Amino acid sequence: MSTTDDSYLVAGDKTADVPLREKWWRVLDNYKIGIIPLPFFLLAGGLILLDCLEGSLPSDIVVMVATLAFFGFACGEFGKRLPLVGKMGAAAICATFIPSALVHYGLLPDVVVASTTTFYKSTNILYLYICCIIVGSIMSMNRQVLIQGFLRIFVPMLCGEIVGMLVGMGVGLALGLEPFQIFFFLILPIMAGGVGEGAIPLSMGYATILHMEQGVALGRILPIVMLGSLTAIVMAGLLNQLGKRYPHLTGEGSLMASKAGGSEMSAVEKVSGKVDVSTLACGALLAILLYMVGMLLHRMIGLPAPVGMLFAAVAVKLAHGVSPRIQEGSQVVYKFFRTAVTYPILFAVGVAITPWQELVDAFTVQNLIVIVCTVGALVGTGFLVGKKIGMHPIDVAIVSCCQSGQGGTGDVAILTAGNRMSLMPFAQIATRIGGAINVSLSLLVLSHFFA
């Protein structure tokens, strides 16, 4: 339970008795679960319990906002307060995997599971979250940082993937695993770009080329994707702690260092703080419209919608396509979603699409060693190469973590653990584009040998 330093005192004599209403205000402002005042949190829990006892929890947006906030922030707060691991990304891990375990062991009420799953799958709320995060972070970026970052990030990405593959193969061979299994069922799933754009196309390709059932292929791939993402979340948390200990290694969300005087180049453009409601609405609408542009590009040329949206947002930013005022509105929308929606989204992901048993089944010693070594080599290479070419190594390494992420949901969890949500545009490049290239080239090679 978090607290703040706000206090209320009677004007004049500070020793006077504090009125009851101000004591109540203190409780509301100083005692919170996540961002939720403790009394509101308890009220939400009581109302949800009443609905569960009646056997009907509506899946409409009004009730689900309260439900996802209650469970998401509860899991996140629990993770933050764990000793040692609480500062290593445990909040994001707990917000995702505790719900999955609760569903598997039947400890979460069925009505909560059903309503959460229905809401998540019917609304595509994750894509609303990602589009607001991506567009908002791009619009708030320093234009020079954006240009240099996009041009340079591919170098550590490529080097990291090459080294990660070589290390993964070497470790797997040392453990006595078959080369084919190591590459196509361990290393490639880790770098495939998640589930929707990675594991599923990969399983479809394996089913066609290797003449196996797609369900069987997906069952072997999916747990490795999740374990790779889990490893990346932990590493992002560790990198965040490393940045706090050695501040000269990080830009706190900025990839590029300034060439003038060695000081950090401002990653975020200044905000006037005078954003009104209409400007805020324009910022949100801009994110939605750019996502629709991404959907159009997907239909036209097959580019994943989030990637198309990302390129469209970059083009708008570089061309000065919207006013500074609307850019500020986008930045406020980004901050709102980052602060208020992250843990509820992760809870929904854990309930709706994270199979606990498949994750547990993949926890063999050999698999775990290969995965940790592969992700570690990928991230370590990103760190070293980023430093070598004048980028902030910790921020580059956190982007490299996203190359092993579970798609968009993995990016959210990794950047939350690393406290670098402003890197979401670069994370999407690492996940979506890097994953698509890996899957396409690997299936092309595989089809050549099994033609």
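Biologist: What share of the contacts with a separation of 6 or more comes from residues 24 or more positions apart?
Modeller: In this predicted model, residues 24 or more positions apart account for 77% of those contacts. A contact means heavy atoms within 4.5 Å.

Biologist: Okay, and what is the mean pLDDT of the protein?
Modeller: The mean is 84, and 89% of the residues reach 70 or more. pLDDT is the predictor's confidence in each residue, from 0 to 100. Since you'll be reading numbers off it: residues are numbered from 1 along each chain as its sequence is written, and side-chain values use heavy atoms, with hydrogens and water left out. Local features need pLDDT of at least 70, side-chain atom pairs count only at pLDDT 80 or more, and totals for chains, interfaces and linings use all residues.

Biologist: Where does pLDDT stay under 50?
Modeller: Over residues 260-267. For that stretch the model has 22 contacts beyond four places in sequence.

Biologist: Switching topic: how many helices and strands are there?
Modeller: You get 20 helices and 2 strands. Both are DSSP runs numbered from the N terminus: helices are H or I with at least four residues, strands are E with at least two.

Biologist: And how much of the protein is buried?
Modeller: Of the 451 residues, 53% are buried. Buried means under 20% relative accessible area, exposed is over 50%, and partly exposed is in between (1.4 Å probe, protein chains only).

Biologist: Is α6 mostly covered or mostly uncovered?
Modeller: Mostly covered, with 14 of its 16 residues buried.

Biologist: What about α9, why call that helix largely enclosed?
Modeller: Because 9 of its 12 residues are buried. Among them are Phe183, Phe184 and Phe185.

Biologist: How far apart are the end C-alpha atoms of α9?
Modeller: They are 16 Å apart, which agrees with the 16 Å that residues 179-190 should span. The expected span is 1.5 Å times one less than the number of residues.

Biologist: Now Glu161: buried or exposed?
Modeller: Glu161 is buried, because its relative accessible area is 9%. You'll find Glu161 in helix α8, residues 154-174.

Biologist: What does Glu161 touch?
Modeller: Leaving out residues up to four places away in sequence, Glu161 touches Met191, Leu378, Gln403, Gly434 and Asn438. With Asn438 there's a side-chain polar contact of 2.9 Å. A polar contact is a pair of N or O atoms within 3.5 Å; within protein, one must be able to donate a hydrogen and the other to accept it, and residues adjacent in sequence count only if both atoms are side-chain atoms.
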